[in-house]
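I opened the notebook to record what I looked up about aromatic rings and their surroundings. The entries follow in the order in which I made them.

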Amino acid sequence: MKYLIVGLGNIGSEYHETRHNIGFMVLDSIAEEKGVTFELKRHAHIAEVKVKGRTLVLVKPTTYMNLSGKAVQYWMQEEKIPIENILVITDDLALPFGTLRMRMKGSSGGHNGLSHIEATLNSANYTRLRMGVGSDFAKGQQVDYVLAPFAAEEQKGMADVLKRAKDAVTGFATIGVERAMNTVNAKK
(Lines give C-alpha, C1' and ligand atoms only; values in the text may rest on other atoms or scores of the structure.)
Protein backbone atom coordinates (compact mmCIF):
# COMPACT_ATOMS: atom_id res chain seq x y z
CA MET A 1 0.00 0.00 0.00
CA LYS A 2 1.30 3.45 -0.96
CA TYR A 3 0.80 6.76 0.80
CA LEU A 4 1.59 10.28 -0.37
CA ILE A 5 2.98 12.31 2.53
CA VAL A 6 3.22 15.97 1.51
CA GLY A 7 5.08 18.47 3.65
CA LEU A 8 4.29 22.05 2.76
CA GLY A 9 6.95 24.73 2.65
CA ASN A 10 8.95 27.02 0.42
CA ILE A 11 12.21 26.15 -1.31
CA GLY A 12 15.30 28.26 -0.77
CA SER A 13 17.77 28.73 2.07
CA GLU A 14 16.01 31.90 3.24
CA TYR A 15 12.97 29.76 4.18
CA HIS A 16 14.89 26.89 5.77
CA GLU A 17 13.49 26.08 9.24
CA THR A 18 10.94 28.89 9.24
CA ARG A 19 7.48 28.36 10.72
CA HIS A 20 5.96 28.08 7.23
CA ASN A 21 8.36 25.20 6.45
CA ILE A 22 7.44 22.93 9.34
CA GLY A 23 5.99 20.44 6.82
CA PHE A 24 9.41 20.20 5.14
CA MET A 25 11.03 19.81 8.57
CA VAL A 26 8.85 16.78 9.40
CA LEU A 27 9.71 15.06 6.11
CA ASP A 28 13.41 15.86 6.51
CA SER A 29 13.27 14.28 9.95
CA ILE A 30 11.61 11.11 8.61
CA ALA A 31 14.13 10.85 5.77
CA GLU A 32 17.06 11.35 8.13
CA GLU A 33 15.75 8.69 10.52
CA LYS A 34 15.29 6.23 7.63
CA GLY A 35 18.64 7.07 6.02
CA VAL A 36 17.23 8.24 2.68
CA THR A 37 17.85 11.42 0.74
CA PHE A 38 15.51 13.53 -1.34
CA GLU A 39 15.86 13.65 -5.10
CA LEU A 40 14.76 16.61 -7.21
CA LYS A 41 12.05 15.41 -9.57
CA ARG A 42 9.10 17.04 -11.30
CA HIS A 43 7.51 19.74 -9.09
CA ALA A 44 9.07 18.34 -5.90
CA HIS A 45 11.89 16.82 -3.92
CA ILE A 46 10.94 13.16 -3.48
CA ALA A 47 12.05 10.37 -1.17
CA GLU A 48 10.55 6.97 -0.52
CA VAL A 49 10.56 5.10 2.79
CA LYS A 50 9.08 1.85 4.02
CA VAL A 51 7.17 1.72 7.29
CA LYS A 52 5.69 -1.57 8.51
CA GLY A 53 5.17 -2.87 4.97
CA ARG A 54 3.79 0.41 3.64
CA THR A 55 5.50 2.69 1.14
CA LEU A 56 5.51 6.37 2.00
CA VAL A 57 6.26 8.72 -0.88
CA LEU A 58 7.56 11.88 0.78
CA VAL A 59 6.88 15.02 -1.25
CA LYS A 60 8.34 18.48 -0.66
CA PRO A 61 6.86 20.66 -3.43
CA THR A 62 9.23 22.97 -5.30
CA THR A 63 6.28 25.03 -6.53
CA TYR A 64 6.33 27.32 -3.48
CA MET A 65 3.53 27.25 -0.94
CA ASN A 66 0.85 29.00 -2.97
CA LEU A 67 1.04 26.48 -5.84
CA SER A 68 1.38 23.29 -3.77
CA GLY A 69 -1.59 21.62 -5.47
CA LYS A 70 0.42 21.26 -8.68
CA ALA A 71 2.91 18.92 -7.01
CA VAL A 72 0.25 17.06 -5.02
CA GLN A 73 -1.85 16.35 -8.10
CA TYR A 74 1.14 15.32 -10.22
CA TRP A 75 2.56 12.86 -7.65
CA MET A 76 -0.86 11.52 -6.73
CA GLN A 77 -1.38 10.59 -10.41
CA GLU A 78 2.23 9.51 -11.03
CA GLU A 79 2.22 7.12 -8.06
CA LYS A 80 -1.46 6.12 -8.51
CA ILE A 81 -2.31 7.05 -4.93
CA PRO A 82 -5.97 7.59 -4.03
CA ILE A 83 -6.98 10.77 -2.21
CA GLU A 84 -7.73 8.83 1.00
CA ASN A 85 -4.02 7.88 1.16
CA ILE A 86 -2.80 11.49 1.06
CA LEU A 87 -1.59 13.30 4.16
CA VAL A 88 -0.64 16.99 3.91
CA ILE A 89 1.48 18.45 6.73
CA THR A 90 1.22 22.19 7.23
CA ASP A 91 1.76 25.04 9.68
CA ASP A 92 -1.23 26.49 11.53
CA LEU A 93 -1.32 29.93 13.14
CA ALA A 94 -4.56 29.13 15.00
CA LEU A 95 -2.88 26.42 17.09
CA PRO A 96 -0.37 27.05 19.88
CA PHE A 97 3.20 25.97 19.16
CA GLY A 98 3.56 22.21 19.56
CA THR A 99 -0.14 21.38 19.13
CA LEU A 100 -0.92 18.85 16.40
CA ARG A 101 -4.34 18.30 14.86
CA MET A 102 -5.18 15.64 12.29
CA ARG A 103 -8.39 15.93 10.26
CA MET A 104 -9.76 13.79 7.44
CA LYS A 105 -11.13 16.81 5.59
CA GLY A 106 -11.93 20.45 6.14
CA SER A 107 -11.46 23.97 4.96
CA SER A 108 -8.17 25.60 4.11
CA GLY A 109 -8.60 27.95 7.07
CA GLY A 110 -7.13 30.70 4.92
CA HIS A 111 -3.90 28.76 4.31
CA ASN A 112 -2.79 29.44 0.73
CA GLY A 113 -1.10 26.07 0.28
CA LEU A 114 -4.20 24.16 1.37
CA SER A 115 -6.43 26.45 -0.74
CA HIS A 116 -4.41 25.63 -3.86
CA ILE A 117 -4.46 21.89 -3.13
CA GLU A 118 -8.25 21.98 -2.71
CA ALA A 119 -8.71 23.99 -5.92
CA THR A 120 -6.37 21.71 -7.89
CA LEU A 121 -7.84 18.44 -6.60
CA ASN A 122 -11.36 19.89 -6.62
CA SER A 123 -11.78 18.37 -3.16
CA ALA A 124 -11.14 19.10 0.50
CA ASN A 125 -11.45 15.40 1.35
CA TYR A 126 -7.83 14.64 2.07
CA THR A 127 -6.20 14.22 5.46
CA ARG A 128 -4.15 17.06 6.85
CA LEU A 129 -1.86 17.29 9.85
CA ARG A 130 -1.90 20.84 11.13
CA MET A 131 1.08 21.80 13.22
CA GLY A 132 0.70 24.71 15.60
CA VAL A 133 3.23 27.50 15.16
CA GLY A 134 1.49 29.99 17.45
CA SER A 135 0.30 33.48 16.65
CA ASP A 136 2.62 35.80 18.54
CA PHE A 137 2.66 38.61 15.99
CA ALA A 138 1.30 42.14 15.73
CA LYS A 139 -1.60 42.95 13.43
CA GLY A 140 -0.44 42.96 9.82
CA GLN A 141 2.74 41.00 10.62
CA GLN A 142 1.46 37.50 9.81
CA VAL A 143 3.65 37.02 6.72
CA ASP A 144 6.81 38.13 8.55
CA TYR A 145 5.91 35.81 11.43
CA VAL A 146 5.44 32.63 9.37
CA LEU A 147 8.55 33.35 7.30
CA ALA A 148 10.69 33.82 10.43
CA PRO A 149 12.63 31.09 12.24
CA PHE A 150 11.21 29.59 15.40
CA ALA A 151 12.04 31.41 18.64
CA ALA A 152 14.83 29.96 20.79
CA GLU A 153 12.32 28.60 23.32
CA GLU A 154 10.35 26.89 20.53
CA GLN A 155 13.52 25.40 19.06
CA LYS A 156 14.17 23.67 22.39
CA GLY A 157 10.88 21.80 22.02
CA MET A 158 11.25 21.07 18.30
CA ALA A 159 12.66 17.53 18.67
CA ASP A 160 9.55 16.47 20.61
CA VAL A 161 7.21 18.16 18.13
CA LEU A 162 8.92 16.46 15.18
CA LYS A 163 8.83 13.08 16.93
CA ARG A 164 5.09 13.39 17.55
CA ALA A 165 4.56 14.44 13.93
CA LYS A 166 6.56 11.44 12.68
CA ASP A 167 4.46 9.18 14.94
CA ALA A 168 1.32 10.76 13.43
CA VAL A 169 2.56 10.03 9.89
CA THR A 170 3.36 6.43 10.81
CA GLY A 171 -0.03 6.04 12.49
CA PHE A 172 -1.84 7.42 9.44
CA ALA A 173 -0.21 4.79 7.21
CA THR A 174 -0.32 1.83 9.60
CA ILE A 175 -3.33 2.02 11.95
CA GLY A 176 -5.60 4.17 9.79
CA VAL A 177 -6.67 7.78 9.92
CA GLU A 178 -9.41 7.42 12.56
CA ARG A 179 -7.17 5.73 15.12
CA ALA A 180 -4.27 8.04 14.27
CA MET A 181 -6.56 11.05 14.77
CA ASN A 182 -7.61 9.77 18.19
CA THR A 183 -3.98 9.45 19.23
CA VAL A 184 -2.71 12.71 17.70
CA ASN A 185 -5.63 14.92 18.72
CA ALA A 186 -5.66 13.67 22.32
CA LYS A 187 -2.12 14.96 22.97
CA LYS A 188 -1.03 18.53 23.69
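**Notes on the rings**

I began with Tyr145, which counts as buried because its relative accessibility is 8% (buried means under 20% relative accessible area, exposed over 50%, partly exposed in between, with a 1.4 Å probe and protein chains only). This is a predicted model, in which local features need pLDDT of at least 70 and side-chain atom pairs count only at pLDDT 80 or more, while totals for chains, interfaces and linings use all residues. Residues are numbered from 1 along each chain as its sequence is written, and side-chain values use heavy atoms, with hydrogens and water left out.

I then checked the confidence (pLDDT, given per residue by the predictor from 0 to 100), and found a mean of 93 for the protein, with 99% of its residues at 70 or more.

Next I searched the whole structure for aromatic pairs and found five (rings of Phe, Tyr and Trp, the last by its six-membered ring, pair if their centres lie within 6.5 Å; planes under 30 degrees apart count as stacked, over 60 as edge-to-face and the rest as tilted). One of them joins Tyr3 and Phe172 edge-to-face, at 5.7 Å centre to centre and 75° between the planes. Tyr3 lies in strand β1 and Phe172 in helix α5, so this pair ties together parts that are 169 residues apart in sequence (helices, H or I of at least four residues, and strands, E of at least two, are DSSP runs numbered from the N terminus). Both Tyr3 and Phe172 are buried.

I returned to Tyr145, which forms a tilted pair with Phe137, at 5.1 Å centre to centre and 40° between the planes. Phe137 counts as partly exposed, because its relative accessibility is 26%.
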